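Subject: Structure handover

Hi,

Here is the structure we talked about. Please load it before you read on.

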Amino acid sequence: MTNLREAIDQGRTALGIELGSTRIKAVLIGPDHEAIATGSHDWENQFVDRVWTYSLEAVWAGLQDCFAKLAADVRAKHGTELRTTGALGVSAMMHGYLAFDADGELLTPFRTWRNTNTGDASEALSDLFGHNIPHRWSIAHLYQAILNGEEHIGRLAHVTTLAGYVHWKLTGRQVLGVGDASGMFPIDVATGTYDAGMLAQFDELVAGRGVPALAGLLPAVLPAGETAGTLTEAGAALLDPTGVLLAGLPLCPPEGDAGTGMVATNSVARRTGNVSAGTSIFAMIVLDGPLSRMHPEVDLVTTPAGDLVAMVHCNNGASELNSWAGLFAEFATALGVRADSNTIFETLFRSALAGAPDGGGLMAFNYLSGEPITRLHEGRPLFLREPGSTLDLATFMRTQLYSALATLRIGMDVLQKAESVRLDRMFAHGGLFKTQGVAQNLLAAAINTPVSVGDLAGEGGAWGIAILAAFLSGRKDGQSLDQFLNNDVFAGTQLDTAAPDPVDVAGFDAFMRRYIAALPVQQAAVEHS
């Protein structure tokens with residue numbers, strides 16, 4: 001404890017803060033890269049005027065509360081104040097659209113990754129570039145605003161992501177890590193920055209519409225390990241209004257939650273991959289080389305070091321599972337049974353292991369929002385079953401877990417079957433995998449690949465961005481991010497690996513055939529409700 005207190009006082013630590021979809025989390029790591037203090041703040045997006053958004057006031061209120069809880073945890077555990085760190089990193093949910101004028105004023109409410117109202121722009125840009133441009137990418141939001149003739153376009157000076165915005169306010173620098181930048185606009189992996197040819201194509205497309213050159217609107221791009229600025233006096237006051245936190249500490253490039261998930265699971269090397277499951281669920285596969293052609297189910301992004309990644313991103317993850325767990329918790333309370341949320345989730349998840357391998361005639365869709373992979377512009381959560389099916393808890397919960405993985409499976413089939421992408425290892429992290437041996441085993445069945453869960457990724461993306469901050473302050477000369485993770489961070493890490501069970505593989509395959517056949521039911525629910 002004395003050594004850790006000295007490390008905190010001397011700044012031999014790294015701090016990571018991640019703004020996730022439902023929680024803002026801060027993790028302070030010590031010299032051995034393990035978490036030594038944490039803080040968090042729960043928040044929720046708002047659906048305002050048919051747009052998923054968060055207010056900037058909520059961003060800063062949440063960050064300040066999160067940092068205050070982290071500082072309190074440091075005092076409680078280590079008996080000292082958190083005045084500085086060796087480095088700081090900020091990450092957040094990727095993509096979306098934050099647009100500012102020349103005075104730094106927000107021009108339109110933050111449009112998050114969850115919005116799928118950019119279909120016309122996404123389709124047009126994908127055709128123009130010959131490169132898949134997902135609905136949630138920043139460039140799709142920008143072009144859709146241009147197509148819509150939105151008034152703010154004429155005053156546009158700067159576009160960024162949520163991580164880029166927070167970093168800008170903390171440092172005064174408008175930069176992004178290459179991984180997060182690759183969710184704004186396509187990256188040329190040879191140059192490590194935005195694709196110059198596509199920038200020119202876009203400028204030609206919007207010529208005469210009063211839009212500045214795109215390169216001047218986007219943040220500068222930096223790879224992991226580069227200094228991305230220092231915490232200013234104003235930035236320190238924004239994060240910690242009490243004035244204890246000192247200015248001057250260095251910041252690593254801000255990253256998206258996909259990139260921090262790759263770091264947190266040591267999957268930045270080629271032919272490795274990871275699945276992150278929270279409000280959304282997505283897989284990141286580091287490629288040996290380019291794909292043979294464009295696939296609308298697959299996004300091409302990069303690791304925080306700039307290597308090419310195939311991303312299968314599903315807008316809908318565990319939110320519907322959380323709603324069902326809340327219903328069961330409410331029922332337990334009505335019966336007079338007291339159980340904390342962890343017990344409820346573990347009980348429900350473990351029951352799924354005894355469920356019918358093929359879902360037993362039950363079917364569920366977890367679509368709270370639109371899902372581009374299955375061509376749905378809005379979502380309607382559904383549960384249905386065939387006449388004669390048995391409605392028992394085990395099969396019901398297995399069906400709900402299958403539903404959370406089903407859209408991911410559609411995208412993974414493109415990579416594993418159509419493109420013959422090979423995977424040496426797949427890691428998983430996020431709340432869905434906290435109950436050991438349940439979602440992990442079902443994911444292994446869904447993608448017919450062994451799935452590992454590590455003992456360090458429990459703090460998720462906030463820990464991942466803290467590791468990127470530590471890479472900035474502690475890397476050796478010429479050391480790559482992959483080498484740093486393998487040699488300095490994950491050496492000796494224990495992994496729990498689940499191999500695919502042939503019975504579950506066959507069961508999931510059967511469930512998927514029924515799932516795809518039932519997609520018109522989901523579409524009809526959107527059209528008629």
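This is a predicted model: local features need pLDDT of at least 70, side-chain atom pairs count only at pLDDT 80 or more; totals for chains, interfaces and linings use all residues.

Residues are numbered from 1 along each chain as its sequence is written, and side-chain values use heavy atoms, with hydrogens and water left out.

**Fold**

The chain has 17 helices and 22 strands (DSSP runs numbered from the N terminus: H or I of at least four residues, E of at least two). Its radius of gyration is 22 Å, close to the 24 Å of the globule rule for 529 residues, so the chain is as compact as a globular protein of that length. That radius is taken over C-alpha atoms; the rule is 2.2 Å times the number of residues to the power 0.38. The C-alpha trace spans about 65 × 65 × 45 Å along its principal axes. Of the 529 residues, 58% count as buried (under 20% relative accessible area, 1.4 Å probe, protein chains only).

**Second largest pocket**

A pocket here is an open set of points on a 1 Å grid over the protein atoms alone, with protein on both sides within 12 Å along at least five of seven lines; lining residues have an atom within 4 Å of a point. The volume is about 400 Å³, as the space filled by probe spheres set on the points. There are 22 lining residues; Ser122, His135, Pro296, Pro372 and Arg375 are the closest to the centre. Helix H3 (residues 119-129) gives the most to the lining, with five residues.

Best wishes

Conventions. On a 1 Å grid over the protein atoms alone, a cavity is a set of points where a 1.4 Å probe fits but cannot get out, and a pocket is an open set with protein on both sides within 12 Å along at least five of seven lines; lining residues have an atom within 4 Å of a point. Buried means under 20% relative accessible area, exposed over 50%, partly exposed in between (1.4 Å probe, protein chains only).
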